[in-house]
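Subject: Structure handover

Hello,

Here is the structure I promised you. Please open it first, then read my notes below.

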Amino acid sequence: MTWKQMFTSSIGQKFVMAITGIFLITFLVVHVGLNACIWANDNGEMFNTGANFMASMLVIRIMEVVLFAGIIIHTIQGLVLTAANNSKRKVGYAVEYGNRGSKWYSRSMGLLGTLLLLFLIMHIYHFWVPSRLGGIANIKPLQEIDYSNGLGKQYHNLYLEMIQVFQNPLIVILYVLGCISLAYHLMHGFESAFRTIGLHNNRYLKMLRHLGRGFAIIVSAAFAMMPISIYLGWVK
Amino acid sequence: MEHYNMNLTLKIWRQKNVNAKGGFETYKVTDISSEMSFLEMIDVLNEDLINEGKDPIAFDHDCREGICGSCSMYINGKPHGPWKATTVCQLHMRAFKDGETIVVEPWRANSFPVVKDLVVDRSAFDRIIQAGGYISVNTGNAVDGNSIPVDKDKADKSFAAAACIACGACVAACKNSSAMLFVSAKISHLALLPQGHPERKSRAINMVAQMDKEGFGSCTNIGACEATCPKEIQITNIARLNAEYLSASLSSDKD
Ligand code: HEM
Ligand code: SF4
Ligand code: FES
């Protein structure tokens with residue numbers, strides 16, 4: 001059994017999906033937690049200092065690379081698996097087996113993932129690009145802000161960028177749609193990932209199903225509330 | 001249960017051989033008893049066809065009591081028809097109403113090519129079993145049946161998995177044409193018992209390799225297989241298969 005045999009087998013490829021998927025879930029926990037600081041209503045001080053603190057840590061810089069790698073591997077492996085699976089029935093049925101005893105979102109992981117990918121491209125363009133690449137070539141850098149009357153440290157004002165981006169109702173709608181895709185992707189994906197890595201104890205699976213659904217709904221709703229609350233002017 | 005007779009319109013897939021292009025033929029059957037099984041209804045139609053000098057509809061069947069797994073028809077969009085936990089041979093005509101139109105198709109998957117009409121070639125399953133669905137036993141006198149202690153809970157789970165009749169409905173139902181419910185039932189059946197332990201790792205690796213080679217898809221845990229399985233094999237077995245395969249391939253020292 002070589003590594004290649006393992007990772008090119010059907011279960012090996014699913015294992016890659018599950019491991020990268022669970023990794024992306026842990027990233028979401030950090031991401032939603034940090035972003036929730038915008039609701040401190042302190043003109044972004046808590047959020048900007050938090051984001052700056054993260055950006056100054058080497059571990060986080062390394063994790064950023066791992067995160068990009070994770071998204072790319074998850075995406076490519078997901079699209080490869082979906083295409084392979086779709087090619088296994090060349091002659092289809094005349095009568096479709098309605099709901100197949102399954103949920104529509106479980107059957108649509110490829111589609112939901114593709115929507116997420118489109119969302120991520122837009123999202124990275126909105127925030128990651130100006131924050132990390134601002135100043136290079138023609139990319140407009142973020143403004144700086146100082147929270148101690150010109151005496152203290154200068155922070156990238158990512159908060160102001162959020163406020164500006166989310167003045168556009170179309171962008172707010174696209175973000176909310178992205179969050180809905182995420183919710184459905186995780187409604188299936190959270191529990192499924194643990195099944196894929198081999199968890200087969202019914203007691204834990206039941207627990208993970210509830211945990212996964214709760215996570216999918218709460219985290220996605222929290223993310224969706226960010227553009228909405230900024231657009232409606234609830235964030236000061 | 002009230003007994004009634006019915007007239008039905010059947011749209012049945014006809015295909016001369018593997019390479020022929022098939023198509024649906026429409027047949028009318030009359031005075032079908034609600035007490036008949038679905039296969040008996042097809043028998044009646046076939047007798048008419050034979051009397052008219054036509055080619056009868058080919059379909060697989062053997063035991064007609066829900067244990068051999070050979071009957072296989074995709075009826076009105078469902079493998080084995082509308083009843084839960086039922087093979088086609090155990091599906092009775094009281095599942096249908098007078099005047100209904102019923103569409104009957106063969107299992108569809110690249111790995112199950114249509115041989116003729118409703119008969120598909122399921123030898124891919126046999127080759128998967130040959131790759132590892134066996135155990136080693138000593139020859140000589142039969143040993144005492146209870147010489148190896150088995151935990152009751154494991155024995156029950158193993159027995160439930162062993163109920164799989166290799167009908168292929170799970171593949172037919174799955175949007176990925178995945179055979180993982182079948183393979184996981186066979187793997188679980190043997191992995192849960194001490195008798196299955198000598199080949200536990202190589203079995204998982206070899207059966208999965210054969211399953212992939214046969215061209216079945218990979219499971220995405222949607223649950224269509226479990227919903228359609230006539231023997232109610234649980235999808236949890238697939239998670240067990242994943243565990244068996246991953247631990248075997250991570251720890252295997254064969255290269
Ligand atoms: C924040 C982003 C994302 C997270 C947290 C995430 C999470 C997950 C999780 C946990 C799974 C379940 C894995 C399993 O069943 O074993 C999964 C499956 C999947 N993901 Fe994602 N995903 C994300 C983005 C994407 C993107 C951008 C794509 C791009 C196409 C994608 C495509 C898929 C596909 C096709 C599957 C189904 C694979 C299968 O069930 O075998 N995902 N995802
Ligand atoms: S798992 Fe169920 S549906 Fe699949 S082959 Fe076995 S008995 Fe048939
Ligand atoms: S004919 Fe044997 S299970 Fe139906």
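Start with one pair in chain A. The side chains of Arg132(A) and Glu64(A) form a salt bridge, at 3.4 Å from N to O. A salt bridge here is a side-chain nitrogen of Lys or Arg within 4 Å of a carboxyl oxygen of Asp or Glu. Arg132(A) sits in helix H6 of chain A and Glu64(A) in helix H4 of chain A, so the pair ties together parts that are 68 residues apart in sequence. Side chains of opposite charge can pair when their charged atoms come close. Over all chains, the search of the whole structure finds 17 salt bridges.

Two notes on reading the model. It is predicted, so local features need pLDDT of at least 70 and side-chain atom pairs count only at pLDDT 80 or more, while totals for chains, interfaces and linings use all residues. Residues are numbered from 1 along each chain as its sequence is written, chains are lettered from A and ligands numbered from 1 in the order in which they are written, and side-chain values use heavy atoms, with hydrogens and water left out.

**Chain A**

Chain A has nine helices and two strands. Helices (H or I, at least four residues) and strands (E, at least two) are DSSP runs, numbered from the N terminus. The order from the N terminus is α-α-α-α-α-α-β-β-α-α-α. Along the principal axes, the C-alpha atoms of chain A fill a box of roughly 70 × 40 × 40 Å.

**Ligand 1**

Where does ligand 1 lie? Its place is between chains A and B. There are 25 residues around ligand 1. A residue counts as near if one of its heavy atoms lies within 4 Å. His74(A), Gly113(A), His185(A), Ser192(A) and Thr196(A) come nearest to ligand 1.

Now look at the polar atoms. His74(A) has a polar side-chain atom 2.8 Å from a nitrogen atom of ligand 1. For His185(A), a side-chain N or O atom is 2.7 Å from a nitrogen atom of the ligand. For Thr196(A), a side-chain N or O atom is 2.8 Å from an oxygen atom of ligand 1.

Four helices of chain A each supply at least two residues of this shell: H2 (10-35), H4 (58-86), H6 (109-133) and H8 (169-196). By class, the shell has twelve nonpolar, 13 polar and no charged residues. The classes are simple: Ala, Val, Leu, Ile, Met, Phe, Trp, Tyr, Cys and Pro count as nonpolar, Asp, Glu, Lys and Arg as charged, and the others, Gly among them, as polar.

**Where chains A and B meet**

In this interface, 38 residues of chain A are in contact with 52 residues of chain B. Contact means heavy atoms within 4.5 Å. The buried area is about 3,700 Å², and carbon and sulfur atoms give 56% of it. Buried area is the accessible area (1.4 Å probe) that two parts lose on being put together, summed over both.

How many salt bridges does the rule find across the interface of chain A and chain B? It finds zero. Polar contacts come to 23 residue pairs, both residues at pLDDT 80 or more. A polar contact is a pair of N or O atoms within 3.5 Å; within protein, one must be able to donate a hydrogen and the other to accept it, and residues adjacent in sequence count only if both atoms are side-chain atoms. On the side of chain A that touches chain B, H2(A) gives the largest share, five residues. That side divides into 14 nonpolar, 16 polar and eight charged residues.

**Chain B**

Chain B is divided into domain 1 (5-115) and domain 2 (123-136 + 150-250). The bounds come from an automatic or database domain assignment. The C-alpha centres of these two domains lie 28 Å apart. Between them, 16 residues of domain 1 are in contact with 19 residues of domain 2. The rule finds one salt bridge across this domain interface. Glu232(B) and Lys84(B) also meet in a salt bridge through their side chains, at 3.5 Å from N to O.

**Ligand 2**

The residues around ligand 2 include Cys164(B), Cys167(B), Cys170(B) and Cys229(B). Helix H4 (169-173) and helix H5 (180-191) of chain B each give two or more residues to this shell. By class, the shell has eleven nonpolar, one polar and no charged residues.

Best wishes
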